[in-house]
Amino acid sequence: WFRFRRLFAHLVINCGHDYYVLHASGIVARNSNAALIVGESNAGKTTLLAALLGKGYRFLCDDYAPIRFDDLSVISMPTGATLGERTFQLLPELADLKHKACSFFTERQWHWTVNFREKYQVFPANTSAKIVHIFFVRSNFGQSSSIAPCHPAEAALRVIESRLQGP
């Protein structure tokens, strides 16, 4: 599944278009402005995304955020999101999305691919939204991750690092 999503995203996004794909999750506010949540794999990006969807934000993307630098926008790719058991423990309101038919085992734990459309509002696919915030989740594996403000130069470096690591 992971390999298919990566190949699919690459083909859809990079076929003749000038996008930069960032390893991030994204939400859209009621005013159609976007916020991206960037971080390492398993840092909690999708968990934070799910919590924000529960607060009324719209689902923009998960794992792949295609960014256009000419207008600082992100293209909506509301595909399935992968959640681990810890996310379901932290957000019990997601229990109805946990379908065993969409489960797989990797990295010593079970994961579920969920469709946020079943529960939350989704920003229309292939639509652009202006990026007004980028948040970086700092991993603290084994404990809670955190979000902290940083200098714009540090933010640029983290974006580059995120792009190099990939999902």
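## Surface and overall make-up

Accessible areas here come from the Shrake-Rupley method with a 1.4 Å probe, and for residues only the protein chains shown count as cover. On that basis, the protein's accessible surface comes to about 9500 Å², with 56% of it belonging to carbon and sulfur atoms. Keep in mind that this is a predicted model, in which local features need pLDDT of at least 70 and side-chain atom pairs count only at pLDDT 80 or more, while totals for chains, interfaces and linings use all residues. Residues are numbered from 1 along each chain as its sequence is written, and side-chain values use heavy atoms, with hydrogens and water left out.

The protein has 4 helices and 11 strands; these are DSSP runs numbered from the N terminus, helices being H or I with at least four residues and strands E with at least two. Of its 167 residues, 40% are buried (buried is under 20% relative accessible area, exposed is over 50%, and partly exposed is in between, with a 1.4 Å probe and protein chains only). Take the contacts (heavy atoms within 4.5 Å) with a separation of 6 or more: 65% of them are between residues 24 or more positions apart.

The average pLDDT, which is the predictor's confidence in each residue from 0 to 100, is 81 for the protein, and 73% of the residues score at least 70. Where pLDDT is low, the predicted coordinates should not be read in detail.

Which residues of helix α2 are buried? In this helix (residues 45–53), they are K45, T46, L49, A50 and L53. They cover an arc of only 130° around the axis, so they sit on the same side of α2; the arc is that of the directions from the helix axis to the C-beta atoms. What they pack against is a set of strands: β2 (24–28), β3 (33–39), β4, β7 (81–84) and β10 (128–138).

T46 also has a polar partner: its side chain and that of D62 are joined by a polar contact of 2.6 Å. (A polar contact is a pair of N or O atoms within 3.5 Å; within protein, one must be able to donate a hydrogen and the other to accept it, and residues adjacent in sequence count only if both atoms are side-chain atoms.) K45, for its part, lies 9.8 Å from S139, C-alpha to C-alpha, although the two are 94 residues apart in sequence. S139 belongs to the loop between β10 and β11 (146–147) and is partly exposed, at 25% relative accessibility.

D62 is found in the loop between β4 (58–61) and β5 (65–68), and it is buried, with a relative accessible area of 1%. D63 has its place in the loop between β4 and β5 too; it is buried at 13%, and its phi is near 80°, a positive value in a residue other than glycine. N126 also has a positive phi, near 60°, and is likewise not a glycine. Is N126 buried or exposed? It counts as exposed, at 62% relative accessibility, and its place is in the loop between β9 and β10.

S73 is in strand β6 (residues 73–75) and is buried, with a relative accessible area of 2%. Its side chain makes a polar contact of 2.7 Å with that of D71. Setting aside neighbours within four places in sequence, S73 is in contact with P66, I67, R68, S128, A129, K130 and I131.

## Aromatic pairs

A search of the whole structure turns up 4 aromatic pairs. Rings of Phe, Tyr and Trp (its six-membered ring) pair if their centres lie within 6.5 Å; planes under 30 degrees apart count as stacked, over 60 as edge-to-face and the rest as tilted. One of the pairs is F59 with F116, edge-to-face at 5.2 Å centre to centre and 75° between the planes. This pair links distant parts of the chain, 57 residues apart: F59 is in strand β4 and F116 in the loop between β9 (109–114) and β10. F59 is buried at 1% relative accessible area, and F116 is buried at 1%.

The rings of F88 and W112 have centres 5.5 Å apart and planes at 85°, so this pair is edge-to-face. It too joins distant parts of the chain, with F88 in helix α3 (residues 85–90) and W112 in strand β9, 24 residues apart. F88 is buried at 8%, and W112 is buried at 8%. Ring pairs also link F59, F116 and Y120 into a cluster.
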